[in-house]
Amino acid sequence: MAADAPPSASRSSRRLDRSSGPGGAGDGEVADRAPAGDRDVVVVTNPHVHVRDADLSGHERDTLVLTAEERRWGRRRVTTTGGRTLALALPTGTTLTPGEILHVGPDWYLIVEGAPEPVLAVTPASGEEALRIAFEVGNRHFTLALDGERLLVPDDRAMDQLLTWLGVPFERAQAVFVPIGRGHRHDG
């Protein structure tokens, strides 16, 4: 998976595909096509394609594997695991979720997958400890994810220091990080 600069083609130079269903853009999705040499680049403008599993039968499954941070970048070029280049032009504030179908083409479809990334994993000893950790993490404007009995936070120096200060044991791990809520940072 590679992320490049946002698409540079002007909106007026793209051909608009308003087809729907398994052979087109999908229910409610608008997929523009921007010229890219010999192939067209699909421009995804809506993250919610509503399609039944039966409609995907016989279609090749392609994936876009992204970290939690990358799932928040709604305007850029990406390359799928199958080597297809797409441009994301999603509404401001869009956060992609693993399992979402982004595009359905005539013979293939694209689904979002979470990339394993470095996290700090804590298994709280009690509900009270879990609440305290969640409060302190949120109070520092970081996000937190649930993974079974574990709480996951980004593997960040500030989170390492916080968990050490709280006196809770943690381990470094690689996991798909799907934060609860949106969270926001003040460091840019």
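Strand S10 (116-122), helix H1 (127-139), strand S12 (150-154) and strand S13 (171-176) are among the elements that cover the buried residues of helix H2. The model is predicted. Residues are numbered from 1 along the chain.

**Helix H2**

Which residues of H2 are buried? They are Met159, Asp160, Leu162, Leu163 and Leu166. These residues lie on the same side of H2, because they cover an arc of only 165 degrees around the axis. An α-helix has 3.6 residues a turn, so residues three or four places apart point the same way. The other side of H2 carries exposed residues: Arg157, Thr164 and Trp165.

Both ends of the helix have a detail to look at. At the start of H2, a side-chain oxygen of Asp156 comes to within 2.8 Å of the backbone nitrogen of Ala158. After H2 comes Gly167, with a positive phi near 75 degrees.

**Asp160**

Asp160 belongs to H2, which spans residues 157-166. Asp160 is one of the buried residues of that helix. What does its side chain reach? The side chain of Asp160 makes a polar contact with the side chain of Arg172, at 2.6 Å. Beyond its neighbours within four places in sequence, Asp160 is in contact with Leu120, Phe170 and Arg172. Two of these names return in the strands: Arg172, in S13, is the bridge partner of Leu120.

**Strands around S10**

S10 is largely enclosed by the rest of the structure, because five of its seven residues are buried. S10 pairs with S13 and also with S12. The S10 and S13 strands run antiparallel and are joined by six bridges. S10 and S12 are antiparallel as well, with four bridges. Within that pairing, Ala121 has Leu152 of S12 as its bridge partner.

A further antiparallel pair is S6 (residues 75-79) with S7 (residues 85-89). These two strands form a hairpin with five residues between them. Gly83 sits in the turn and has a positive phi of about 90 degrees. Arg76 stands opposite Leu88 in S7.

| Strand pair | Sense | Bridges |
|---|---|---|
| S10 and S13 | antiparallel | six bridges |
| S10 and S12 | antiparallel | four bridges |
| S6 and S7 | antiparallel | five bridges |

**Leu144**

Leu144 is in the loop between H1 and strand S11 (145-147). Setting aside neighbours within four places in sequence, its contacts are Ile133, Ala134, Val137, Leu151, Leu152, Val153, Phe177, Pro179 and Ile180. Leu152 is also the bridge partner of Ala121. Leu144 and Gly181 are 37 residues apart in sequence, and their C-alpha atoms are 8.4 Å apart in space.

**Aromatic rings**

How many aromatic pairs does a search of the whole structure find? The search finds zero. Two arginines do lie over tryptophan rings. The charged end of Arg84 sits over the ring of Trp108, 4.2 Å from its centre. Arg132 lies over the face of Trp165, at 6.0 Å from the ring centre. Trp165 is one of the exposed residues of H2.

**Whole protein**

The secondary structure comes to two helices and 13 strands. Of the 188 residues, 43% count as buried. Among contacts with a separation of 6 or more, 62% come from residues 24 or more positions apart.

Definitions and conventions: This is a predicted model: local features need pLDDT of at least 70, side-chain atom pairs count only at pLDDT 80 or more; totals for chains, interfaces and linings use all residues. Side-chain values use heavy atoms; hydrogens and water are left out. A polar contact is a pair of N or O atoms within 3.5 Å; within protein, one must be able to donate a hydrogen and the other to accept it, and residues adjacent in sequence count only if both atoms are side-chain atoms. Contact means heavy atoms within 4.5 Å. Buried means under 20% relative accessible area, exposed over 50%, partly exposed in between (1.4 Å probe, protein chains only). The arc is that of the directions from the helix axis to the C-beta atoms. Two strands pair if DSSP finds at least two bridges between them. Rings of Phe, Tyr and Trp (its six-membered ring) pair if their centres lie within 6.5 Å; planes under 30 degrees apart count as stacked, over 60 as edge-to-face and the rest as tilted. A charge sits over a ring if NZ of Lys or CZ of Arg is within 6 Å of the ring centre and within 35 degrees of the ring normal.
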